[in-house]
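Please look through the sequence and the structure below before reading on. The paragraphs that follow lead through some of its features.

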Amino acid sequence: MSAITNTMAAVPVTARMGSKGTAARARAIAARKTNALRFERRSTKVQTKPFSVVSAQATVETEFDFNEYMKAKAVITEKALDESVAQQYPDSVHESMRYSLLAGGKRIRPALCIAACEMFTEDSSVAMPTACALEMIHTMSLMHDDLPCMDNDDFRRGKPTNHKVYGEQCAILAGDGLLTRAFEYIAMATPLDKVDPKVVLRVVAYVAKCVGSEGLVGGQIVDIEMEGAHEEATLETLQYIHAHKTAALLDAAVVSGALLGGATEEDVERLTRYSQNIGLAFQVIDDILDCTQTSEQLGKTAGKDDAVGKTTYPSLLGLEESKRIGLKLIEDAKAELSVYDPQRAAPLIALADYIGSRQN
């Protein structure tokens with residue numbers, strides 16, 4: 001493992017909806033209709049982009065069609081996500097949950113989970129409940145991250161952020177609802193006639209650790225505490241933030257999918273290294289994009305990191321060194337897959353390249 005990878009609420013909601021709740025629902029519906037086509041394209045296409053940390057030499061040549069693969073997975077994933085959280089009473093909180101969960105996006109975490117499962121079994125449907133759960137958790141983290149007390153963002157994926165449509169109280173509770181629903185869904189929807197219950201329990205525990213204070217939450221709080229503290233920031237601290245805030249959930253996606261597909265302990269160790277590398281690369285590239293892309297290109301406010309004094313790879317090491325690190329991480333990740341059948345490993349290899357070349 002490289003030195004870089006080695007450092008790695010339920011409150012009752014009132015049923016009184018009144019004119020404010022009606023207006024909120026109307027805005028949500030209008031926003032969804034207006035943006036539906038745009039986000040369908042965004043969630044199912046991988047476009048050729050001008051900036052990339054992936055070199056031509058680093059790309060593995062296969063007959064694998066990544067665009068078609070992602071389109072196919074997007075169709076089944078969107079359907080599964082729509083079915084995973086029903087619109088029911090209390091209307092407001094469930095509508096808020098679905099507003100953000102179904103707002104489109106790249107769906108990288110479900111794709112990684114499914115692709116890892118496909119490495120070891122022909123029936124990747126066993127991983128779909130966990131794939132949906134990971135997207136619920138990711139969505140929750142974005143909803144909470146956008147709140148005024150955190151990053152205070154008005155737009156996410158080109159749409160008004162959840163608290164701008166439903167209010168801060170509902171956005172917080174809807175995020176909590178998605179987080180708890182995620183673990184319920186893994187436990188209740190994974191087919192136990194196809195997966196050993198002990199494996200399901202291990203997946204629940206692994207995802208929980210990756211999301212909790214030793215994972216995403218831990219990375220988030222250190223990130224907040226380091227805002228405006230450039231003089232105190234070190235590469236080790238930055239690596240901790242990225243390895244926990246971002247890489248941990250990608251790691252959960254890959255390892256969970258592999259476990260559900262029947263991977264051995266050796267496979268799990270190898271894929272953990274793969275996922276930690278792509279997870280760190282994902283955040284390094286996020287840092288680069290924040291200071292090189294526009295808000296329209298990103299679908300969220302650009303330049304926020306610099307505005308609030310966040311420590312990032314470009315702010316600490318410079319843009320060119322950050323690009324070099326991103327490229328090295330992608331290459332190291334793909335090297336972990338060299339022992340597998342190229343056809344079975346092709347989706348994970350292509351996903352690594354996509355993470356290295358993404359523009360939003």
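At what angle do helix 3 and helix 6 pack, and how far apart are their axes? In this predicted model, helix 3 (residues 66-84) and helix 6 (residues 128-145) pack at an angle of about 75°, and their axes are 10 Å apart. An angle of 65 to 115 degrees counts as roughly perpendicular, so helix 3 is roughly perpendicular to helix 6. Helix 3 contributes Ile-76, Thr-77, Ala-80, Leu-81 and Ser-84 to the contact, and helix 6 contributes Met-128, Cys-132, Glu-135 and Met-136. Sorted by class, the residues of this contact are six nonpolar, two polar and one charged.

The peptide bond from Tyr-89 to Pro-90 is cis, with omega near -5°. Most peptide bonds are trans, and most residues other than glycine have a negative phi. Arg-107 is not a glycine, yet its phi is positive, about 55°. Arg-107 sits in the loop between helix 4 and helix 5 (108-118), and it counts as buried because its relative accessibility is 5%. Asn-152 also has a positive phi, near 55°. The loop that holds Asn-152 runs between helix 6 and strand 1 (155-156). With a relative accessibility of 42%, Asn-152 counts as partly exposed.

The next topic is the cysteines. The structure holds zero disulfides. For Cys-113, the nearest cysteine sulfur belongs to Cys-117 and is 6.9 Å away, whereas a disulfide needs the sulfur atoms within 2.5 Å. Cys-113 has 0% relative accessibility and therefore counts as buried. Cys-149, at 64%, counts as exposed.

Leaving aside residues up to four places away in sequence, Ala-350 touches Phe-64 and Phe-66. Ala-350 and Tyr-69 are 281 residues apart in sequence, while their C-alpha atoms are 9.9 Å apart in space.

How confident is the predictor, by pLDDT, across the protein chain? The average pLDDT is 83, and 77% of the residues score at least 70. Over residues 1-22, pLDDT stays under 50, and the model has 33 contacts beyond four places in sequence for them. Residues 31-61 also stay under 50, with 63 such contacts in the model. Where pLDDT is low, the predicted coordinates should not be read in detail.

Definitions and conventions:
Residues are numbered from 1 along each chain as its sequence is written. This is a predicted model: local features need pLDDT of at least 70, side-chain atom pairs count only at pLDDT 80 or more; totals for chains, interfaces and linings use all residues. Side-chain values use heavy atoms; hydrogens and water are left out. Buried means under 20% relative accessible area, exposed over 50%, partly exposed in between (1.4 Å probe, protein chains only). Contact means heavy atoms within 4.5 Å. Axes are lines fitted to C-alpha atoms, for helices over the stretch in contact, and angles run from 0 to 180 degrees between N-to-C directions. Helices (H or I, at least four residues) and strands (E, at least two) are DSSP runs, numbered from the N terminus. Angles under 35 degrees count as roughly parallel, over 145 as roughly antiparallel, 65 to 115 as roughly perpendicular and the rest as oblique. Ala, Val, Leu, Ile, Met, Phe, Trp, Tyr, Cys and Pro count as nonpolar, Asp, Glu, Lys and Arg as charged, and the others, Gly among them, as polar. pLDDT is the predictor's confidence in each residue, from 0 to 100.
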